Amino acid sequence: MKTIFFLNLKSSIKDMYLLFWSIFMPCTAILALKIFLPSIAENYTEGMVAISVFFYSFMTTAFITLSQRRRGVYHLLHATPLPLWKYIVSVSSSWALIAIILSYIVFLFSLVIHQLTFTFSSLFYMTPVILIASLAFVFLSFFVSSLVKNEGHLSMTANVMMLPMLLCSNAFFTMEKAPSIVQFISRVNPFEWFLRGIQGAFQNNYGVWGESLLLLLLCLVFTLLISIKTFRYSD
């Protein structure tokens with residue numbers, strides 16, 4: 001498991017999807033908000049961190065998983081005594097570690113741009129939220145990549161799932177005046193739980209933080225089960 005963890009970690013760091021979707025795009029958005037909406041730009045710091053982790057843990061890993069399956073990488077699992085669940089846990093752990101590093105990069109970039117102050121306790125409480133959420137999103141990416149046959153189908157399917165999760169959250173728009181159906185979706189939205197967990201860590205609101213962490217743990221168990229159940233070794 002250690003070998004798979006470090007090999008996957010090394011190859012993932014070189015991925016161009018990682019550089020664009022999870023570092024370049026969020027940092028560009030932070031700069032754009034600072035230029036065009038300077039009075040409220042810092043309010044989106046938690047949202048940018050959450051989106052960076054979400055894009056990498058879900059979208060990027062889904063493409064990596066599909067690519068490896070189409071190249072026959074997973075066939076090699078049949079030739080080893082390694083159980084499927086150990087393989088999934090190994091690669092998911094390395095991706096989760098990258099997600100935590102990404103969140104720190106985007107967070108520190110936002111701190112510099114907005115000249116915000118923070119406490120190390122915020123980072124301490126933010127870390128388990130990002131770890132659990134990123135693992136849940138990675139397991140969800142395994143499930144989605146098993147449903148499709150090519151990159152085009154994956155892009156469409158992933159966007160169909162991601163857009164409602166992003167739009168039905170408080171990352172950019174408040175849900176207070178949204179229609180009741182949108183508010184309901186927001187309450188059962190894992191991305192909203194993730195966002196609230198980060199906000200709870202930053203604002204030292206440990207009630208919100210603990211509630212979000214518990215909901216994300218339940219989501220993690222569910223996505224792990226469906227990822228193992230639906231895993232496909234080949235097309």
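Student: To begin with, how many salt bridges does the count come to?

Tutor: Keeping in mind that this is a predicted model, the count comes to one salt bridge.

Student: Why are Arg-196 and Glu-211 called partly exposed?

Tutor: That label covers the range between buried, under 20% relative accessible area, and exposed, over 50%. Arg-196 has 29% and is therefore partly exposed, and Glu-211, at 43%, is placed in that class as well.

Student: What makes H8 largely enclosed by the rest of the structure?

Tutor: Of the 13 residues of H8, 11 are buried, which is why the helix is described as largely enclosed. Among them are Phe-191, Trp-193, Phe-194 and Phe-202, and what covers the buried residues of H8 includes H3, H4, H5, H6, H7 and H9.

Student: How do you know that the reach of H8 is close to what is expected?

Tutor: From its first C-alpha to its last, H8 reaches 19 Å, which is set against the 18 Å expected at 1.5 Å a residue. For helix H9, with 25 residues, the reach is 36 Å and the expected value is 36 Å.

Student: What covers the buried residues of H9?

Tutor: The cover includes helix H4, helix H5 and helix H8, and the buried residues of H9 include Trp-209, Leu-213, Leu-216 and Leu-220.

Student: Why can Ile-40 belong to a nonpolar surface patch?

Tutor: A patch residue needs over 30% relative accessible area and no salt bridge; Ile-40 is at 32% and counts as partly exposed, so it passes the cut-off for area. Together with Ile-35, Phe-36 and Leu-37, Ile-40 makes a patch of about 420 Å², and Ile-40 itself lies in the loop between helix H2 and helix H3.

Student: Is Phe-20 buried, exposed or partly exposed?

Tutor: Phe-20, which lies in helix H2, has a relative accessible area of 39%, and because this falls between 20% and 50%, Phe-20 is partly exposed.

Key:
Residues are numbered from 1 along each chain as its sequence is written. This is a predicted model: local features need pLDDT of at least 70, side-chain atom pairs count only at pLDDT 80 or more; totals for chains, interfaces and linings use all residues. Side-chain values use heavy atoms; hydrogens and water are left out. Patches are made of residues with over 30% relative accessible area and no salt bridge: like charges are joined within 9 Å, nonpolar side chains (Val, Leu, Ile, Met, Phe, Trp, Tyr) within 5 Å. Accessible areas come from the Shrake-Rupley method with a 1.4 Å probe; for residues, only the protein chains shown count as cover. A salt bridge is a side-chain nitrogen of Lys or Arg within 4 Å of a carboxyl oxygen of Asp or Glu. Helices (H or I, at least four residues) and strands (E, at least two) are DSSP runs, numbered from the N terminus. Buried means under 20% relative accessible area, exposed over 50%, partly exposed in between (1.4 Å probe, protein chains only). The expected span of a helix is 1.5 Å times one less than its number of residues. Contact means heavy atoms within 4.5 Å.
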